[in-house]
Amino acid sequence: MNSVFRTVWITLAGFVWLFLGQISIALQPPVGEQNAERLSSKTSWLVKAFQNEDAKKAVEAFRNGEIANVEKLLEEASQKAPELPSSKIMLGQLYLEAGATQQAIATFDKMVISEPDNIQPHILLGDLALRSARLTDAWLHVKEIERIQSGKPALPIDLQVAFVSLKGQVAAERGEWEVAESNFLEWAKLVPSDYTPIWYRGLVRLNKGEYAEAKNLFIEAKKIGTSVPQPELFIAEYLST
C-alpha cells in the first residue's frame, strides 16, 4: 500500500496544513481563533517575521508591485530586528504566496550559495521538494541542515520545530516510520499546543497497521485541534481505499 501521508496531505489540506505555501502567511494572514489554528507551529518562524511593522510595509509594497522597494524595506527590517529571518527568506515567501514559485526557488537557491551556513533556505527548499514529490531532493536538504548544524548550539525553538517537522515528513515518505515518529514526538514536546505532530504520529501508526493506536492519537489531536476530521470516519475512509 502506498504511503497515506502524501494522500492525506493533499486531500485533507483543509485539515492538516503541512506545507509553508499552502496558506498565506504574509499576504492574507488568517484572522480569528479558528483560522489561526490553521497555521501549524512549523510556520511560526515566518508568521512572527511578518508581524514586524517594517515587514508589513514591505508586504504592502509587494502588493503594489514595488519589488525594488520591497527588498529595501525587508533589508531594513532585518537590520533593525536581527531575530527576523533573512530578508531574502521573507522575499521568497512573498513570491511563494503570490504563486511565483520559480522566483521563490531561485531566491532560496542563491541564498544556499551566498549564505552556506544558513539553514533557512534548506528548510523552505526541502518543503517545496517534498510538496512536488522530489523526495531525494528533500532528503538532501535534511542532510545538509544536519551537516550545517553539526557541533553548533541548538537552534531557536521555532527553527527546531521547522526542521524536525521536515525531517519527520521526509522520513515518513521514505517509509522510515520509527525515524518519522521520533521527530514528530520531538515536535510535540517542543510545542504541546499544536495538534499537527500528534495527528502525524497517528498517520505513522495507520501506515503500520496499528489502528487502535492511530485512533487514540487522532482523538488526542482532536482535543487540541477542533477542525481535524472525526477519527472514526477518517480511519474508515482510509481502510476503504
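Contact means heavy atoms within 4.5 Å. The model is predicted: local features need pLDDT of at least 70, side-chain atom pairs count only at pLDDT 80 or more, and totals for chains, interfaces and linings use all residues. Residues are numbered from 1 along each chain as its sequence is written, and side-chain values use heavy atoms, with hydrogens and water left out.

View 1. Helices (H or I, at least four residues) and strands (E, at least two) are DSSP runs, numbered from the N terminus. Of the contacts with a separation of 6 or more, 57% join residues 24 or more positions apart. Buried residues (under 20% relative accessible area, 1.4 Å probe, protein chains only) make up 51% of the 241 residues. The chain exposes about 11400 Å², and carbon and sulfur atoms supply 53% of that area. Accessible areas come from the Shrake-Rupley method with a 1.4 Å probe.

**View 2. Helix α8 packs on helix α9.** Helix α8 spans residues 120-131 and helix α9 spans residues 135-149. Their axes come within 7 Å and cross at roughly 160°. Axes are lines fitted to C-alpha atoms, for helices over the stretch in contact, and angles run from 0 to 180 degrees between N-to-C directions. The angle makes α8 roughly antiparallel to α9 (over 145 degrees). The crossing is left-handed: the near helix is turned anticlockwise from the far one by less than a right angle. On the α8 side, the contact includes H122, I123 and L125. On the α9 side, L135, D137 and A138 are among the partners. By class, the contact of α8 with α9 has eight nonpolar, three polar and two charged residues. Ala, Val, Leu, Ile, Met, Phe, Trp, Tyr, Cys and Pro count as nonpolar, Asp, Glu, Lys and Arg as charged, and the others, Gly among them, as polar.

**View 3. A133 sits in the loop between α8 and α9.** Phi of A133 is near 65°, a positive value in a residue other than glycine. Most residues other than glycine have a negative phi. A133 is partly exposed, with a relative accessible area of 45%.

**View 4. Helix α10 packs on helix α11.** Helix α10 covers residues 157-173, and helix α11 covers residues 177-190. The packing angle is about 155°, with the axes 8 Å apart. That makes α10 roughly antiparallel to α11. This crossing is left-handed. I157, V161 and V164 are among the α10 residues in the contact; W177, F184 and W187 are among those from α11. The contact of α10 with α11 divides into 11 nonpolar, five polar and two charged residues.

Note on methods. Angles under 35 degrees count as roughly parallel, over 145 as roughly antiparallel, 65 to 115 as roughly perpendicular and the rest as oblique. Buried means under 20% relative accessible area, exposed over 50%, partly exposed in between (1.4 Å probe, protein chains only).
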